[in-house]
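Please look over the model shown here.

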Amino acid sequence: MNDAPPPVYADSLDIPVLLRDAPARRPYPQWRTAPHKPWDTPAAFPASNGWYAPTTTWREIIKAATEVGRDVTPNLQQVPQLARGELVARISPLYAYLGLHDVTPKHPLPHSAGRRLTLNAVYEYGTERTAKNALGYRLGMTMAEWACRSLMGLGQTWHLEDGGPDPALADAFKDPARRLPDLWGLHEAENAYWLIEAKGGNVGKTTLKDGWKQLSEGSKILHAYAHRRILVGAAVQPQGDLCLTIDHNQHPGQPPLNTVGVSPAPTIPDSAEDHLGASDDALMGTARAQMLVYLALRSALPSQLRTIALSADRTTRRRRREGITTPLERDDATRALRADARGAVGSLDDEQTLREGARRLGLDDFLSCRIPGTEVHLGMSRRLFAACAQLHYEDRMIAERTPGLRAEDQYLTEEPADEEAAEERRRSQRHIFREQQEEARPRVRRLVRQAYEQGADREWSDLLPDNQEPRLDLNDHPDLLEAATPETYLALRQDDLPYRRR
């Protein structure tokens, strides 16, 4: 029920959020002293401005970190193992420089976690400015993704540099002379596009005003369509809490485009994974969003892979009111089925018989791997893996036709180019790749759908290199905090949470 209090998990934390109409001064120290309202509009934009204090999980934040940012997979066609490094780059700054501390606000809310994120001592006293800037970028992008998708129900976000929602406006959105916002998405309930700019770190009014100008420039291009401008400032200072400012306004206009033939396509918000069976656009968007994870799994050593038993009934993991993922502490069906399977088939040594027995009991097996350099485990279902494999193959064919995109096309004997000229060349290569993706989209969409439908009946040995058949893990792991969506899996070690100040 919507009025039910959010459950508090081992990694729960509260994030102060201030909604307002335009950039203003940093709200110090109001994140601690102002009366906060509970976040009572799940998957929707709140009806009024002011201070809110939603409760979320560290798992939900890490999920956002792995999925937001530029799609680098065109450059990983021949070196998929580099996907693991990209995932490390997205996750590690958050672990390196953030900590948790206990907080008793002046106006506490019932059912809050009483914990907030802050900067740790290494960041405060030992970190160089360039490293702080790197955290600011990653923190800003992660928290913008979390706020827009987990809190407010936006669909999949896309990098605006790839052309935006309307192919007729692509050249304007790709213009390097324009300073544009970071992301865009489609909010189904509002029936409007969202333009999103992310700022993170020691965010002040000057930085936010700069972001507002970027959003205004994007509005000039998208003015014919109904859209909302969203500026997310993830502000964190020494001895302070991480708090978000969300500056926003709306523009009327035409409704969003029909998604047919648009690349990347706006997917159904709320949760695209709830609609994979009915929407080809939702399937394509989800497969594209999970491509980094797919490449990390595909390139892992056999000893690093295992399959995780989850309930085959996806309705147990539909979007919950607190975010995109469902902590498995709440998924009673999976926990009960695992226990039944351990009693019925857990002693079997034959892997095929073990899997068949687990399926008969109502379990599905998701491929999973710990990302080297982190304690985060990521994974996905068999049918989503099959869909990603087909999409990856089609991308490889396009990459081979895109001059200079592949690593082997680069020549070390060339003189180092001016960085601006080099970036312009890389941008041009990405645009050529995206245009070819859009041209091939109708054909690829059919093939990805076919792969997804057939994937449920395929064995992992058919999908993985070298005919690997990872061991099915039926155990509960008390040291792991597990979470899942209908088609993806995430877990992290409980003792690997950000350092908690006592």
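Predicted model: local features only at pLDDT ≥ 70, side-chain atom pairs only at ≥ 80, totals over all residues.

Residues are numbered from 1 along each chain as its sequence is written, and side-chain values use heavy atoms, with hydrogens and water left out.

The secondary structure consists of 14 helices and 19 strands; helices (H or I, at least four residues) and strands (E, at least two) are DSSP runs numbered from the N terminus. Along the principal axes, the C-alpha atoms fill a box of roughly 65 × 55 × 45 Å. For 502 residues, a compact globule would have a radius of gyration near 23 Å, and the 22 Å of this protein agrees with that. The radius is taken over C-alpha atoms, and the globule rule is 2.2 Å times the number of residues to the power 0.38. Of the 502 residues, 58% count as buried. Buried means under 20% relative accessible area, exposed over 50%, and partly exposed in between (1.4 Å probe, protein chains only).

A search of the whole structure finds 36 salt bridges, each being a side-chain nitrogen of Lys or Arg within 4 Å of a carboxyl oxygen of Asp or Glu. One of them joins Arg 32 and Asp 241, at 2.8 Å from N to O. This pair links distant parts of the chain, 209 residues apart: Arg 32 is in helix H1 (residues 30–33), and Asp 241 is in the loop between strand E10 (227–235) and strand E11 (243–251). Arg 32 is partly exposed at 27% relative accessible area, whereas Asp 241 is buried at 1%.

Another salt bridge is formed by Glu 329 and Arg 59, whose closest N and O atoms are 2.9 Å apart. Glu 329 lies in the loop between strand E13 (326–327) and helix H10 (332–345), and Arg 59 in helix H2 (residues 58–67), so the pair ties together parts that are 270 residues apart in sequence. Here Glu 329 is partly exposed, with 31% relative accessibility, and Arg 59 is buried, with 1%.

In a further pair, the side chains of Arg 493 and Asp 479 meet at 3.3 Å, N to O. Arg 493 is partly exposed at 26%, and Asp 479 is partly exposed at 35%. Elsewhere, salt bridges with shared partners join Lys 63, Glu 67, Glu 145 and Arg 149 into one network.

Which residues form a positive surface patch? They are Arg 25, Lys 205, Lys 209 and Lys 213. Patch residues have over 30% relative accessible area and no salt bridge, and like charges are joined within 9 Å. Lys 209 sits in helix H7 (residues 205–222) and is partly exposed, at 46%.

His 111 is located in the loop between strand E5 (98–102) and strand E6 (115–119). With 48% relative accessibility, His 111 counts as partly exposed. The C-alpha atoms of His 111 and Leu 135 are separated by 30 Å, the two residues being 24 apart along the chain.

Terms used
Patch = residues over 30% accessible without salt bridge, like charges linked within 9 Å, V, L, I, M, F, W, Y side chains within 5 Å. Areas by Shrake-Rupley, 256 points an atom, 1.4 Å probe, with all protein chains shown as cover. Lys, Arg positive; Asp, Glu negative; His and termini not counted. Charge placed at Lys NZ, Arg CZ, Asp CG, Glu CD.
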